[in-house]
Structures are given as structure tokens and as C-alpha cells.
Amino acid sequence: MLFLAISTPLPTRPSEVREIRKGYWPWAQDKLDRGQARFFFARVGRGAVALFDVDSNETLHQLLTEWAEMIPAEFDVYPLIDPDAAVAFLNQADGD
């Protein structure tokens, strides 16, 4: 299951959370290495974007909770469909 997650950190001074933020990129790399994410990008200014590839909503919830423990944030989450699956769905609909 694919989910695009966009984080908006809570309004604090970046310097106040600098040390704990240093753990974010190693955490993100672990998710990439495990196949739980396809990419992470920092947003200009503040925040980040990630594409998670997980087996359940519960796994996504766990990952977002871990992320928020490091960097308290609000998340916009969008469920996505792989392009090949979207095309297959459209082709199947043509056959009805």
C-alpha cells in the first residue's frame, strides 16, 4: 500500500530540536533499506515528504508515530495507486 506523507513540523525554533532532528535521516534510511519507503525529501524551509510502501494502515501509523516522536509534526497523508495498477484498473473497466 502506497502512502504519500507530507510533514509540517510544529512551530518551534529549529535550533530547539536540532539534536533530536539528527536522528531523522538515519531513521529514514532504515525505512528505505527495509523497503518500507521509496523516498524521503526535505521540503524547502521546514518539513519533509515521504512515500511509504507498507502492508497496512497499522504499519503506517507506527511509522508516523516514530517520525513524530523525533520531529513533532502534523501530517497530510494521501493513499496512492501505483501507475501500473491504475492503468490495469482502467483497462478492466473497459471490459465491463
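This is a predicted model: local features need pLDDT of at least 70, side-chain atom pairs count only at pLDDT 80 or more; totals for chains, interfaces and linings use all residues.
Residues are numbered from 1 along each chain as its sequence is written, and side-chain values use heavy atoms, with hydrogens and water left out.

View 1. Four strands form an open sheet in the order E2-E3-E1-E4, with antiparallel pairing; helices (H or I, at least four residues) and strands (E, at least two) are DSSP runs numbered from the N terminus, and two strands pair if DSSP finds at least two bridges between them. Strand E2 (37-42) and strand E4 (73-80) are the edge strands, each pairing on one side only. Direction ignored, neighbouring strands of this sheet are turned by 15° against each other on average, where axes are lines fitted to C-alpha atoms, for helices over the stretch in contact, and angles run from 0 to 180 degrees between N-to-C directions.

**View 2. Strand E3 and its pairing with E2.** E2 and strand E3 (residues 48-53) pair in the antiparallel sense over 5 bridges; alanine 37 has phenylalanine 52 of E3 as its bridge partner, and phenylalanine 41 stands opposite valine 49 in E3. The two strands E2 and E3 form a hairpin with 5 residues between them, and glycine 45 in the turn has a positive phi of about 95°. E3 is mostly covered, with 5 of its 6 residues buried; buried means under 20% relative accessible area, exposed over 50%, and partly exposed in between (1.4 Å probe, protein chains only). Leucine 51, which is found in E3, is buried with a relative accessible area of 10%. Apart from neighbours within four places in sequence, leucine 51 is in contact with Leu2, Phe3, Leu4, Ala37, Arg38, Phe39 and Leu80, contact meaning heavy atoms within 4.5 Å.

**View 3. Strand E1 with its partners E3 and E4.** The antiparallel pairing of E1 with E3 runs over 5 bridges, and that of E1 with E4 over 8 bridges. Alanine 5 stands opposite alanine 50 in E3 and opposite valine 77 in E4, whereas phenylalanine 3 stands opposite phenylalanine 52 in E3. Serine 7 also lies in strand E1 and, at 2% relative accessibility, counts as buried. Setting aside neighbours within four places in sequence, the contacts of serine 7 are Arg43, Gly47, Ala48, Trp67, Ala73, Glu74 and Phe75.

**View 4. The pair of helices H2 and H3.** Helix H2 (residues 24-33) and helix H3 (residues 57-70) pack at an angle of about 165°, with their axes 10 Å apart. That angle makes H2 roughly antiparallel to H3, given that angles under 35 degrees count as roughly parallel, over 145 as roughly antiparallel, 65 to 115 as roughly perpendicular and the rest as oblique. The crossing of H2 and H3 is right-handed; a crossing is left-handed if the near helix is turned anticlockwise from the far one by less than a right angle, and right-handed if clockwise. Tyr24, Trp27 and Lys31 of H2 make the contact with Leu63, Glu66, Trp67 and Met70 of H3. The residues of this contact divide into 5 nonpolar, no polar and 2 charged, with Ala, Val, Leu, Ile, Met, Phe, Trp, Tyr, Cys and Pro counted as nonpolar, Asp, Glu, Lys and Arg as charged, and the others, Gly among them, as polar.

View 5. Isoleucine 20 is partly exposed, with a relative accessible area of 45%. Leaving aside neighbours within four places in sequence, isoleucine 20 is in contact with Glu69 and Met70. The C-alpha atoms of isoleucine 20 and isoleucine 71 are separated by 7.5 Å, although these residues lie 51 residues apart along the chain.
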